[in-house]
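Here is a friendly note to read with the model open beside you.

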Amino acid sequence: MAVKKGELVRAIREKLENSLEAKASDSRFPSYLFETKGEVLDLRGDYALVKFGQVPTPNIWLRMDQLESVK
């Protein structure tokens, strides 16, 4: 899936939990990644920089295939 700047997205649990990124760091992802809407701030290659504004958290780079659009 190709996402665009400004689009609202959320992480897909199944794709993120079994990813290379999960194996390389703490695999206990916070629930807000899957339950709240994040805004795509920037795109680089296969990755999107996402800001989850519901809670005070740092922006996070996620692979585009680990994201789904939300309305």
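Which residue forms a salt bridge with Glu68?

1. The partner is Arg10, and the closest N and O atoms of the two are 3.5 Å apart. A salt bridge here is a side-chain nitrogen of Lys or Arg within 4 Å of a carboxyl oxygen of Asp or Glu. The pair links distant parts of the chain, since Glu68 lies in strand β5 (residues 67–69) and Arg10 in strand β1 (residues 8–11), 58 residues apart.

2. Before going on, please keep in mind that this is a predicted model: local features need pLDDT of at least 70, side-chain atom pairs count only at pLDDT 80 or more, and totals for chains, interfaces and linings use all residues. Residues are numbered from 1 along each chain as its sequence is written, and side-chain values use heavy atoms, with hydrogens and water left out.

3. Helices (H or I, at least four residues) and strands (E, at least two) are DSSP runs, numbered from the N terminus. In helix α1 (residues 13–17), Arg13 and Glu17 are four residues apart, which means about one helical turn separates them. Their side chains meet in a salt bridge of 3.3 Å, N to O.

4. Now look at Arg44 and Asp42, whose side chains also form a salt bridge (3.3 Å, N to O). Salt bridges with shared partners join Lys5, Asp42 and Arg44 into one network. Arg44 is exposed, at 55% relative accessible area, while Asp42 is buried, at 18%. Buried means under 20% relative accessible area, exposed over 50%, and partly exposed in between (1.4 Å probe, protein chains only).

5. By this rule, the count is five salt bridges.
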